[in-house]
Amino acid sequence: MSKRTSHPSGSAGGRKPGGRNALDRLRRIIHPGEVLLITDARRSPGQDLRHRRRVYNVLQALRVPLLLLAGASYVWWHSWFLSTVFIIASVPLPWIAVVIANGHGEPRDPRTPQVYKPALAREMQRREAIDARRTHELEQQGEHGPAEIEVYRDPIDFSGIVIDADDQEENPTDES
């Protein structure tokens with residue numbers, strides 16, 4: 001009795017129907033670093049912003065060469081038709097670049113939970129209130145001369161924490 005092992009692809013023994021193993025081996029030889037697993041992973045907001053900036057810069061940079069090609073095609077080849085095509089192609093590029101750059105990126109997956117962090121919201125409101133009070137006090141100080149400003153102290157007690165301790169003497173080489 002032979003023992004069959006199951007393969008992640010769902011087929012027995014790792015063989016795919018239709019001789020796909022040879023094709024997969026060839027693909028792994030040609031593209032060794034390519035990951036064949038496709039997931040639902042989305043770009044982070046920072047990656048998305050970087051991608052939109054890159055697309056914006058490329059589209060804006062394409063406009064100048066198109067206008068130069070339009071002028072060169074008219075001057076050297078006397079082709080008004082080709083130069084008109086290049087000019088017409090370059091006209092909407094800034095608009096398209098701005099629309100893409102101002103986009104919201106990838107749509108949010110409705111299956112992901114929306115997380116509300118009330119502690120974070122309260123902390124941000126508290127800090128905004130402190131900043132507003134400080135701004136108001138500074139404005140009053142400017143109008144009425146120097147005034148006493150209340151210094152905000154964090155409620156965390158750091159009295160027992162040693163930040164920088166040195167167990168050695170100041171000058172260990174001095175033996176006097």
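Asp48 is buried, at 7% relative accessibility. This residue sits in helix α2 of a predicted model. Leaving aside residues up to four places away in sequence, Asp48 touches Arg43, His104, Gly105 and Glu106.

**Overall make-up**

The protein has 176 residues, and 11% of them count as buried. Five helices and zero strands make up its elements. Read from the N terminus, the order is α-α-α-α-α. Take the contacts between residues at least 6 apart in sequence: 47% of them join residues at least 24 apart.

**Confidence**

Mean pLDDT for the protein is 75. A value of 70 or more is reached by 64% of the residues. Among the elements, helix α3 has the highest mean pLDDT, 95. Helix α1, residues 20-30, has the lowest, 73. Residues 1-16 stay under 50 in pLDDT. For that stretch the model has twelve contacts beyond four places in sequence. Where pLDDT is low, predicted coordinates should not be read in detail.

**Helix α2 against helix α3**

How do the axes of α2 and α3 cross, and at roughly what angle? Helix α2 covers residues 45-76 and helix α3 residues 80-90. Their axes come within 8 Å and cross at roughly 165°. Angles over 145 degrees count as roughly antiparallel, so α2 is roughly antiparallel to α3. The crossing is left-handed.

On the α2 side, the contact is made by Arg63, Leu66, Leu67, Leu69, Ala70, Ser73 and Tyr74. On the α3 side it is made by Trp80, Leu82, Ser83, Phe86, Ile87, Ala89 and Ser90. By type, the contact residues of α2 with α3 divide into ten nonpolar, three polar and one charged.

Ala89 lies in α3. With a relative accessible area of 36%, Ala89 is partly exposed. Ala89 and Ala70 are 19 residues apart along the chain, and their C-alpha atoms are separated by 10.0 Å.

**Helix α2 against helix α4**

Helix α2 also packs with helix α4, residues 93-101. The angle is about 175°, and the axes are 8 Å apart. The two helices are therefore roughly antiparallel to each other.

From α2, the residues that meet α4 are Arg52, Val55, Tyr56, Leu59, Gln60, Leu62, Arg63 and Leu66. From α4, they are Leu93, Pro94, Ile96, Ala97, Val98, Ile100 and Ala101. The residues of the α2 contact with α4 divide into twelve nonpolar, one polar and two charged.

Arg63 and Leu66 of α2 take part in the contact with α3, and Arg63 and Leu66 of α2 also meet α4.

Arg50 is found in α2. At 48% relative accessibility, Arg50 counts as partly exposed. Arg50 and Ala101 are 51 residues apart in sequence and 9.7 Å apart in space, C-alpha to C-alpha.

**The loop between α2 and α3**

Which loop holds His78? The place of His78 is the loop between α2 and α3. Phi of His78 is near 55°, a positive value in a residue other than glycine. Most residues other than glycine have a negative phi. His78 is exposed, with a relative accessible area of 62%.

**Accessibility of single residues**

| Residue | Relative accessible area | Class |
|---|---|---|
| Asp48 | 7% | buried |
| Ala89 | 36% | partly exposed |
| Arg50 | 48% | partly exposed |
| His78 | 62% | exposed |

The classes follow from the cut-offs: buried means under 20% relative accessible area, exposed means over 50%, and partly exposed lies in between.

Note on methods:
Residues are numbered from 1 along each chain as its sequence is written. This is a predicted model: local features need pLDDT of at least 70, side-chain atom pairs count only at pLDDT 80 or more; totals for chains, interfaces and linings use all residues. Side-chain values use heavy atoms; hydrogens and water are left out. Axes are lines fitted to C-alpha atoms, for helices over the stretch in contact, and angles run from 0 to 180 degrees between N-to-C directions. Helices (H or I, at least four residues) and strands (E, at least two) are DSSP runs, numbered from the N terminus. Angles under 35 degrees count as roughly parallel, over 145 as roughly antiparallel, 65 to 115 as roughly perpendicular and the rest as oblique. A crossing is left-handed if the near helix is turned anticlockwise from the far one by less than a right angle, and right-handed if clockwise. Contact means heavy atoms within 4.5 Å. Ala, Val, Leu, Ile, Met, Phe, Trp, Tyr, Cys and Pro count as nonpolar, Asp, Glu, Lys and Arg as charged, and the others, Gly among them, as polar. pLDDT is the predictor's confidence in each residue, from 0 to 100. Buried means under 20% relative accessible area, exposed over 50%, partly exposed in between (1.4 Å probe, protein chains only).
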